[in-house]
Amino acid sequence: MKIDRRSFLALGIGAAAGTAFTPLPWKLTDDLSIWTQNWPWTPVPEDGDAYYDHSVCTLCPGGCGILVRKINDRIVKIEGMPSHPVNRGGICALGISGPQLLYGPDRVIAPMKRSGARGEGKWTTLSWDDAIAEVLDRLKKLEADNKTEHLACICDTDRGTVPQLFKRMLSLFGSPNFMTTPSMYDSYEAVLKKMHGRKDTLDIGFDFENTDFILSFGSGVIEGWGSPVRMIMANSAWKTKKAKQIQIEQRLSNTAASSNGLFAVKPGTEADLALGLACVIMEEELYDKAFTGAYSTGFPEFRNMVTKNYNPDVVAEKTGIERHLIIELARHFASAGTSSLAICGRGKGQTAGSMMEFMAVHSLNALVGKINTPGGVWSVEHPDYIPWAKEMNVRAAIAGKKRIDEAGSPVYPDSLSLLNRLPSKILESKESPIEMLFVSNANPAYTLAGTDKVIEALGKIPFIVSFSSYMDETADQADLILPNHIYLERYQDVPVRGGLARPVIGLTRPVVEPQYDTMHSGDVVLKLAKGLGGQVGEGFPWDDYKDCLEKTMADRWKELEETGFWTDEAYQPKPWAGAFGGTYGKFAFSDTILPLPDLEGDVKDYPLILIPKESMRISSSHIGDTPFTVKTVPDTELKGKTLVIEINPRTGKEQGLADGKDAVLKTPLGQVRVKVSFFEGIMPGLMAMPKGLGHTAYGKYLKGKGASYNALVGPMEDPVSGQDISWGIRARISRV
Amino acid sequence: MDSAFIPKGVKRCSFGTFSLGMLVLTAIVFWGFYAAILCWLKGLNQTNMNDSYGFALWIWADLAVIAIGGGAFFTGLLRYVIGLDELKNIINFAVIVGFCCYCSAMLILAIDIGQPLRGWFIFWHANVHSMLTEVAFCLSLYLSVLAIEYIPILLENRKIDEVPFFHNLGHTMHGAMAVFAATGAFLSCFHQGSLGGVTGVLFGRPFGYREGIFVWPWTFFLYTWSAAACGPCFTMLTCKITEKISGKKLVKDNVYDLLGKISGWMIGTYMVAKIADTLYWAYVTSPSLGFAVMDYYNAHPLHHGIWILILEIVICGVLPAMILISRKGRANATLFTLATILAVIGVCLNRWVMVMTPMAMPVMTFDSWVSYFPSWQEVATTILPLAGGIMIVSLSFRYLPVFPQEQELNPVD
Amino acid sequence: MFPFIFEWVWDSGHYIFFGAMWYVICILTVGLTYCLVKTVKDTLAGDNDHH
Amino acid sequence: MKKESSHEPGRKYGMVIDLDKCTGCGSCMVACMAENNVSFKEDESNKLDSITWMRVYRLTNNKPFPETEIRYLPRPCMHCGGKGDLGHSPCVSVCPATATDYDHKTGIVSQIYTRCFGCRYCMAACPYHARYFNWWDPIWPADLKKSLSPNVSPRMRGVVEKCSFCFHRYQLAMERAYNEDRRELEEAEYQTACTQACPAGAIVFGDLNNPDHAVHTLKDHPNAFRLLERLGTNPKVYYISDREWVRRSGDNYLNNEKTNTKPAVQEHHS
């Protein structure tokens, strides 16, 4: 057959039409649709038996129990532990996103040594043996030069075996410079020392579950203050039983919004209000006479001082709260039959507060007899379970040596650690008095106020060892990173210091094998101590960290391992007789008006005040946020990479700003480009800035997003305690 | 060069000029296809759509081209079913323009879906309650009808016509055209309507929601009616543009006059219905859902202001209707063209508002208005079928005897 | 689309919708087939009427 | 299938959320993301393309400081029953490919990701913005793939997803119950991830038709309301607040209209 053009065309058309009637096109389309359901780049999670393992979360001081849901050897979910005394099954956003910390891109996956300039981010990995040998070399050199106190260490806390191992190693080595990340607990502990007169350390506790009137001086009750999940649960319980909560704050925080009333005092006059309330309570004879009479000293003087200086008229003038409101609030607080409780520590309580304010608030509680009584403020006896922490020979090793931060010195007798004073101490001397710094579970290069100065000070320290599991800001400044297992990979005791009304110790357990080439910091300390030998080596008689932990926990170990926590269910605080120390064994009222530092910045140049805005959705501690938690940050706080500032519309308009538009925010410490969000829920004249953003370290999900509060705000030293009590800074904002 | 393919007795521009024009159009088409390929390979993140604006420029383009492509079915209906014989002089062109419009719609839909390779699920797993299912079925079937209507025109090409088989095929199909046209009109009524139903049934979106009869919201009928009314205007408009470009008269004025008059009355009656619908929606439906009518228009007076409604109904609705209904208006060539332009804008604007405002408008009281501006990929893929359509029309005009009156009106020496 | 696809339900919605659809498809197919058959017949018969 | 459902006593899962207890902490959002393998990308600050099955809105009374009040409103999928509670939810009725369906046994609106071809008509239909489109390919960097749960399949680019009331948990619970030869579930056996995580206990979940479940009585609370009831969507998520302005925020009202105090009863008891 001859194929000409015409029949070729016909054949072509015929073939095309014919194919359409065969199953071929259908089969192909079907294959295509199946292919779109199995794109190789869309993962298919491996299946397996699901089971739960228990542990304790260490991402904040809250100490929640967690149940870890596992498929084979993978953690797929973290949930709250229903039987845990702290969180009763509840869990916060950060806690849930733990697997993203475990498997996420920000982990330090092996020991690393800096190979570029500080902060340049150039690293080479090395073996654990080499890394530890390098630290040992340096330590031995310090020892040989007789400069052992030039070693310092920063931990998140001094509670628990791991910080205590660090502290022990430092002490035996001959350095008293063990420091901890500041928090409101520093202030509370100082208050307990001053007013309860106890030499030993007490934990502050709040019996929120039995309170029906809560007066909060700026505490973010449901925003991460105390043990966050417990606080949110308590808040719900208050709603159910119709307990009242009054918030004293300058903006409508979530706590304020959830409260029964907002008292927007002029910023910085919280202590005045507290004493104003005290004045009314005393003038109207509403105070607990049993307590003030038999169990306190200095009451007449206190009364004298308060009535003289803090009568409602004066306080109304100072705070901007109307006189009758002050009187009503005082009556309500002191009314018989009400179990009232006043608390302080701003926001999440991640900074200390002024002694003036803390003592004033504590005096309020004392006035109504709410010390160590149901529904009141308790001094909770520390579960003293680490016998080796107090050994005399360890203390002797550092006897007579002065701490660089002067904590515990005659100047600041009530403070245990003043990390906030470290940067200026380093900067004011020509050569850094600290030659070697350990940083474990802390990120001072981000969490301390005045970031620039902190980084400058760190820059002067010749050798920094970071024990961080993540590539955080401090690790970025380190010379050597010895990555710790993260909490899901390791054992650790977690004594909870979250204002609980009873002692609780949790146990973090390795629910998965270590994912990377990391090592438990406790083991690293043991290795270092053994490597140093001599007095130090002898002080660490354990095989490894787990051995140390098991032996330390002794009788409690089994219970901890099985249930994940130990607690004293029936704990009751000491009755008034016997609760207090000091010369008379009584509660000590103080009649001194303590000085308060002024807010940094000149009013003329900086007409507004910048305050932090803290939230459960943003971690502002040494733990960086996860992709999930960053996702929950609203666009009124972060837009693209730009931070959003909250400002009252009236103030905003006065400053020539427009809602949603760009502006430049300037403080004496620096300036940053922001967006503006007009919000009625903030006092005119103030601006609020989300705290916890603006990281310069970590990976792309966090780094460079927004601006860091601490970079714009400098420290403000309390003249009495030496603690940084910064709660804001003067600022200005202008349109771009 | 290509004179052997050009119909006998008509004059066309030089092959060079034509090729140059084609080249420009081809470039635009390639640009459009590049954007389309980006969308297919990288996904719809190439657009500026978002979770609020799930329907945006593309869906509007779909609704608009189908509305203005309505000239094909309505002229077909008038010509083949009702038997208005004069319209044979413009029906070919109406079919071609309609075919282009429907091809555009199909192409845009193919880009608009997140999983184009599963697009056929709309047929396979069809949900008969969905207006979109109805749209898809009617659209694809009507596109095949248009293709069937286009084939005989294609077969009239001088060279193709020389082949006896094709010649006969053209002849037979022409004979059977009334059946196809009737089927097409039936399909078209439903899918124009179902496009109206797309927003009309959204009882979660008070701006778009309309009450109605049985399963059909009022927009169902309004869309069909407006497409029938304004579609022919677009046909006439494109026809006039073709006349302008080719520099000669192609269709006699009495044909324009007839179609214009019908359009005028259609637009007029559509306006009565549309105004009634708007009033009922504004004063009965909306308030029952908690919305005062000005709630829709006051929030963003610039983008979603009441001016759009006035523009759509008064300037692009009542006005062209009045022009086209009046004999004087039709007689004035400028006014006539203006009326067709306004009618086309009016129907496009109606589709625009019905797609965009329900997306932009918050329904939850604590939600906010959302703004949207298309990405270049969306714009390019929307221009792509426009350029493609011009190519098809140009090619058809050059090589096919589209206008029966052309020879008579432009005698070649 | 077909009764063997699992979401198919024998209800009025499906009767009306798919009834209309298959009806239209049938008309189009029959119409096209008629045209093709007639054309083939005419062509074979050599009926090349050039008007 | 439909026959079967009409025989069984209708379960109707729903939620009651106490807005006065909600603290806006975000636990529900993250619990949902972790439970359901929700993807994340570098920038999630554009809330218009950020997949949050559970989204917490901030409501304001817009009064000047210090009379300003705010409340947080967690918004999962409402699992609308539609008019007459017949299962004609706004989205289900419009999906052209039957990729979203109303389960008459549980009242849950499902989403079949492998069926969805991404036309987004359902998103246009949903007044609650509960539906999210996968504009991007999901990416789990480093070892984050290890954190994916096998109970919920990760979604591919180009499909719509939304809250399922953790339907996989229902299936697992039913499986266990069947193994124990039971046909009914206890209230605690099936709870959504957000309910379980909420530290405030603000979310209560259960069978609205079952008098033994807490939601059954809570939904009739005098301060209970639903979002956009006037549209006739018939949602299964109820909210409680003692604030009138909050309840009023739940729906649209003309200026002269009073806030509806009692939820309109639009139930279909068969």
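Reader: Before we start, what kind of model is it, and how are residues and chains labelled?

Author: It is a predicted model, in which local features need pLDDT of at least 70 and side-chain atom pairs count only at pLDDT 80 or more, while totals for chains, interfaces and linings use all residues. Residues are numbered from 1 along each chain as its sequence is written, and chains are lettered from A and ligands numbered from 1 in the order in which they are written.

Reader: How many helices and strands are there in chain D?

Author: Chain D has eight helices and ten strands. Helices (H or I, at least four residues) and strands (E, at least two) are DSSP runs, numbered from the N terminus.

Reader: How many residues of chain D are in contact with chain A?

Author: On chain D there are 54, against 62 residues of chain A; contact requires C-beta atoms, placed from the backbone, within 7 Å.

Reader: Which element of chain D gives the most to that side?

Author: H2(D) does, with seven residues. The residues on this side of chain D are 25 nonpolar, 15 polar and 14 charged. Ala, Val, Leu, Ile, Met, Phe, Trp, Tyr, Cys and Pro count as nonpolar, Asp, Glu, Lys and Arg as charged, and the others, Gly among them, as polar.

Reader: Turning to chain B, at what angle do helix H3 and helix H9 pack?

Author: Helix H3 (residues 70-82) and helix H9 (residues 218-246) of chain B pack at about 100°, with axes 7 Å apart. The axes are lines fitted to C-alpha atoms over the stretch in contact, and angles run from 0 to 180 degrees between N-to-C directions. H3(B) is therefore roughly perpendicular to H9(B), a term covering 65 to 115 degrees.

Reader: And which residues of H3(B) meet H9(B)?

Author: They are B:Gly70, B:Gly71, B:Phe74 and B:Thr75.

Reader: Lastly, in what order do the strands of the open sheet in chain A run?

Author: The order is E18-E19-E20, with antiparallel pairing; strands pair if DSSP finds at least two bridges between them. E19 (residues 504-508) and E20(A) share three bridges, and A:Ile505 has A:Trp566 as its bridge partner.

Methods:
Contact = placed C-beta atoms within 7 Å. Parallel < 35°, antiparallel > 145°, perpendicular 65-115°, else oblique.
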